[in-house]
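Here is a short report for a reader new to this model. Look over the sequence and the structure first.

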Amino acid sequence: MKHIKFFWIVVIFFITLATLLVRLSHADNIVGDNYRNVTVRTYVNITNARPEVLLVRVYQETNISRMNITLAGGSQRQVTCNASLRDWNGYTDIVGVNATLWHSTTTLDAPDNNNSHYTNSSCTNTGNGVNYTVNYICTFDVYYYANNGTWNCFVNIIDLAGKTGNNTNTTVIYPLYALNITDGIDYGNVAVEEWSANRTANITNFGNMPLNVSVEGYGVIRGDGLAMNCSVNGNISVGMERFSISDVDWSLMTPLTSSRQNISGLTVPKQTVPGNQMINTTYWQLYVNVSNNPAGNCTGFILFSAESS
């Protein structure tokens, strides 16, 4: 019985002490000397804090050191927006993260366009949340013809109470001069002192800039003065291979040389519409000169290079 009484005395003591502490901590007023002034305590319980986007980092693919973007010729390049988020109600209070990537010449709320505007409505939690903070990754597959210049990445978050937070950072997409050419130019069967038929080589703009095109010919190594080297005997001089932007006779075409020269009058515009590649056609013809009496199968190379327009 003595042990039971002692137990209840201890319980009553701690309950009384806790009650006293609560009353002291919630005392309504602090009275100054002789009631000359009275300080009134104020109280509030914050039920929900607004979530915050602390930092947005923009970089190429997964390489955080590549803060500016070089697009992939004829393809897509992944651009990553890495957002550091905080919610004082705990990071699990964040229920949605979305992002917009847009060029400086357009606006945040513009419709999506492969040239200038991309959205991601389902950014991904990286799984590294701690207490109040967490990182989300928002990625965009940006087409090769997207506009060069300054781009903005806007990240927006929402919590369980519907409160939002956002932040923005920028990156630069570099100009891209890139092209693709028809696979090979086959002149077929041609006898010595005869001309081949005209052949075409299509040039496709694989970049985000309008481009000019330069060409350079060689038989075995650059600068060797040849158009082709032949398997049985001799070779074909570089000037015997000619080009034009229209289907004309060999005599009216421009001779190929061993040094880089622009294809006069040819500019390939930048693509702007999905599925509508910008393609220009060049025409090529070969004359088999007799000076080296070439024979057999002959092969050579033409170096096409994308140039600024």
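## Basis of the report

This is a predicted model: local features need pLDDT of at least 70, side-chain atom pairs count only at pLDDT 80 or more, and totals for chains, interfaces and linings use all residues. Residues are numbered from 1 along each chain as its sequence is written, and side-chain values use heavy atoms, with hydrogens and water left out.

## Around Gln285

Contact means heavy atoms within 4.5 Å.

Gln285 sits in strand S19, residues 279-286. Strands here are DSSP runs of E, at least two residues long, numbered from the N terminus. The relative accessible area of Gln285 is 9%, so the residue is buried. Buried means under 20%, exposed over 50%, and partly exposed in between, with a 1.4 Å probe and protein chains only. The Gln285 side chain also reaches the backbone nitrogen of Trp250, at 3.0 Å. 

## The five-stranded sheet

S19 belongs to an open sheet of five strands. The order is S11-S12-S19-S16-S17, and the pairing is antiparallel. Strands S11 (179-181) and S17 (254-255) stand at the edges. Each has a single partner strand, so one side of each lacks a neighbour in the sheet.

Two strands pair if DSSP finds at least two bridges between them. S11 is joined to S12 (residues 199-205) by three bridges, and these strands run antiparallel. Leu179 has Asn205 of S12 as its bridge partner.

## Two loop residues

Glu193 lies in the loop between S11 and S12. Its phi is near 65°, a positive value in a residue other than glycine. Glu193 counts as partly exposed because its relative accessibility is 47%.

Asn293 is in the loop between S19 and strand S20 (298-299). Phi of Asn293 is near 45°, again positive in a residue other than glycine. At 45% relative accessibility, Asn293 counts as partly exposed.

## The four-stranded sheet

Another open sheet has four strands, in the order S6-S5-S9-S10, with antiparallel pairing. Its edge strands are S6 (117-120) and S10 (164-173), and each pairs on one side only. From one strand to the next, the twist averages 15°. That angle is taken between N-to-C directions, from 0 to 180 degrees, with axes as lines fitted to C-alpha atoms.

S9 (residues 149-159) pairs with S10 over ten bridges in the antiparallel sense. Cys153 has Asn169 of S10 as its bridge partner.

## Nonpolar cores

What is the number of residues in the largest nonpolar core? It has 31 residues. A nonpolar core is a set of buried Ala, Val, Leu, Ile, Met, Phe, Trp, Tyr and Cys residues joined through side-chain atoms within 4.5 Å. Those with the most contacts inside it are Leu85, Val97, Leu101, Phe140, Val142, Cys153 and Val155. Strands S3 (52-60), S4 (76-86), S5 (94-103), S8 (133-143) and S9 each supply at least two residues of this core. S8 gives the most, with five. Apart from this core lies another, of 25 residues, among them Leu211, Val238, Ile263 and Tyr287. In soluble globular proteins, nonpolar side chains tend to be buried together.

Val155 has contacts beyond its neighbours within four places in sequence, including Val53, Val56, Ala83, Val97 and Gly165.

Terms used:
Polar contact = N/O pair within 3.5 Å; in protein donor to acceptor, adjacent residues only side chain to side chain.
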